[in-house]
2 protein chains.
Amino acid sequence: MQARPYRRRARAGNDEDEDEPMMRETRRGDCEWCGLRRVCFPGRLTAESPVGAALLSIRCVRIARGHALYRAGERIEAFHMLRSGCIKETDDSDGRESIVNFCLPGELLTVQNAASAKSQLSSIAVETSFVCAVPWRVFYRVCAQFPSATGEFIKLIARSGGGTRELLTLIRGRGALERVAGFLSNLCTRMQSRGFPAREFRLGMSREDIARYLGLRSETVSRCFSELARRGVLRVRAKRIQILSIQEMRRLSIADVFGSLETPMAEREAV
Amino acid sequence: MQARPYRRRARAGNDEDEDEPMMRETRRGDCEWCGLRRVCFPGRLTAESPVGAALLSIRCVRIARGHALYRAGERIEAFHMLRSGCIKETDDSDGRESIVNFCLPGELLTVQNAASAKSQLSSIAVETSFVCAVPWRVFYRVCAQFPSATGEFIKLIARSGGGTRELLTLIRGRGALERVAGFLSNLCTRMQSRGFPAREFRLGMSREDIARYLGLRSETVSRCFSELARRGVLRVRAKRIQILSIQEMRRLSIADVFGSLETPMAEREAV
DNA sequence: CGACGCATTGATACGTCTCAATGGAAGTGG
DNA sequence: CCACTTCCATTGAGACGTATCAATGCGTCG
């Protein structure tokens, strides 16, 4: 989301059955010129160590809205970072397409398995996105040469499942308004930490997607947005979002494990 | 749960403030004599490779009911396997003690970080439990000697966060009965795969614990148990559980990602 | 046996889902 | 460029399910 690099392309009626190429390799990702260099993992790597971007052989891939970078069951030979757009990671195993994560620019897609193994998740572009890919084999080779990269690698895997647990605590036993407020303040925190404007942005995903992410119905999500607007915390006009009080938004969702919590521990335990 | 090795000890009024020792090291775990040898990870290791149990220097520790093996924030220098009893793993970061996992005999406690790092979870005995511990440092040394152990290690970490995602899909957007049925059929599957009787067992944890695990209220959990009994799927007498129809239990929770799903894909998508 | 904690059950309030209709934004074709 | 179409978001009224509060029943353990 935010700052899509090109104008959205004309879209056929059905997202899934377009005859335009599903994804299109553009060019080698030039990390030196990328605005996310200081934020993304390969970028940090190439900045801090003598590893050149070329050595990582990063490819930058374009994925049209509604199309998949990969689907559950496919082998993944690389790990990926989102350069622009927005990608939803879905778990199709239980029938309905349940969304596990929304990936924002500058973030890594969920690292599931180190080496070549079947993916459990599908990665689908919510809006036209550009993704940088680093092949595992290449990465291993670089790790062997530069030990500093290996440290990053360990952290990578360790952090991998963490997001799911945070989503769990955001959802479990919480009301709809808490969930939506938590979702928004989470987005806020992540946008901010990536250097994007955090108070005002465009939601790439539909209400339906947000609903499936939070375990609600799209109507309920919509109502919560309206309610937040009524309380003066938010301004909404379709996909355009403006957060008027981040503090209040945080207060409404005690679940925001990410940002700093103003609420003292004692007060929360009193609930 | 199931087959507690010794009679439960006398318990003071408050779980947290007993003056008896919190945990007590018993003896070196003799893997050769352990009934879970073929099931547990260190057991398999010592069976398949020339690694002796002594080499892994497994300690077996007793944890009284209501006491913690470790608490969030402490450094963990070992990974653990549950030999008997039942342990709840809790995430205290959001104020209320939210339960992330119930560990059953023969299962590993959630592996959070490979090396010495602060634990994000607390591990609390739901009933008196015996836990085997393998220090990471020792394990690393063994890995260096026997490559077959390293393979197990990789799988270990990869599987680590998986349970949380399964819990997420069990809870999100599902009704109370589905959740409880899913919880029970999940227990069923796990008991069976460990070689325990799967249709009839004792729930070590309270209704309150189950409720916090599933994001419900204890009264609701109780009502669901009664409802399942009314439908002839279950027999309940307090903590004693008897599953009359595993098939029907599975059908009631489409969420059981673990066992084989009878419901065909098409039917589920129709929902 | 008696006391306590835990589980069960009931009545009610509240919140979310459901179904349905309206409104508005984005994209299409003349 | 404008009117048209379509998809998506919003809003409303009602049904349903879970939380809540309270009382009773029962196992567990002293």
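Buried means under 20% relative accessible area, exposed means over 50%, and partly exposed lies in between, with a 1.4 Å probe and protein chains only. By that cut-off B:Cys224 is buried, with a relative accessible area of 6%.

Some ground rules. This is a predicted model, where local features need pLDDT of at least 70 and side-chain atom pairs count only at pLDDT 80 or more, while totals for chains, interfaces and linings use all residues. Residues are numbered from 1 along each chain as its sequence is written, chains are lettered from A and ligands numbered from 1 in the order in which they are written, and side-chain values use heavy atoms, with hydrogens and water left out.

Let me stay with cysteines. How many disulfides are there over all chains? The count is 0, where a disulfide is a pair of cysteine sulfur atoms within 2.5 Å. Take A:Cys132. Its closest cysteine sulfur is in A:Cys60, and at 4.2 Å that is too far for a bond. A:Cys132 is also buried, with a relative accessible area of 9%.

Next, strand E8 of chain A, residues 122-135. Helices (H or I, at least four residues) and strands (E, at least two) are DSSP runs, numbered from the N terminus. E8(A) is mostly covered, with 13 of its 14 residues buried. Which strands pair with E8(A)? Two strands pair if DSSP finds at least two bridges between them. Strand E2 of chain A, residues 59-63, pairs antiparallel with E8(A) over 5 bridges. There, A:Ile63 stands opposite A:Ser129. Strand E3 of chain A, residues 68-70, is joined to E8(A) by 2 bridges, again antiparallel. A:Ala68 stands opposite A:Ile124. Strand E5 of chain A, residues 78-91, has 11 bridges to E8(A), also antiparallel. A:Leu82 has A:Val131 as its bridge partner.

Further along chain A, there is an open sheet of 3 strands, in the order E9-E11-E10, with antiparallel pairing. Strands E9 (200-202) and E10 (234-237) are the edges, and each pairs on one side only. The twist averages 15° from one strand to the next. E9(A) and E11(A), residues 240-243, share 3 bridges. A:Glu200 stands opposite A:Gln242.

Helix H8 of chain A, residues 218-230, lies across E10 and E11 of chain A. H8(A) runs at about 130° to E10(A). Axes are lines fitted to C-alpha atoms, for helices over the stretch in contact (heavy atoms within 4.5 Å). Angles run from 0 to 180 degrees between N-to-C directions.

Over to chain B. Helix H7(B), residues 207-214, is mostly covered, with 6 of its 8 residues buried. Among them are B:Ile210, B:Tyr213 and B:Leu214. B:Gly215 follows H7(B), and its phi is positive, near 75°.

Last, the DNA. Which residues come nearest to DNA strand C? Of the 18 residues around it, they are A:Ala176, A:Thr220, B:Arg207, B:Ser222 and B:Ser226. A residue is near a strand if one of its heavy atoms lies within 4 Å of it. Of the DNA strand C atoms within 4 Å of the protein, 65% belong to sugar or phosphate, and the rest to bases.

Now the individual atom pairs. A backbone N or O atom of A:Ala176 lies 2.6 Å from a phosphate oxygen of DNA strand C. The side chain of A:Arg223 has an N or O atom 2.8 Å from a base oxygen of DNA strand C. In B:Arg223, a side-chain N or O atom is 2.9 Å from a base nitrogen of DNA strand C. H8(A) and H8(B) are the elements that give two or more residues to the surface near DNA strand C. H8(B) gives the most, with 4 residues.

Definitions and conventions:
A polar contact is a pair of N or O atoms within 3.5 Å; within protein, one must be able to donate a hydrogen and the other to accept it, and residues adjacent in sequence count only if both atoms are side-chain atoms.
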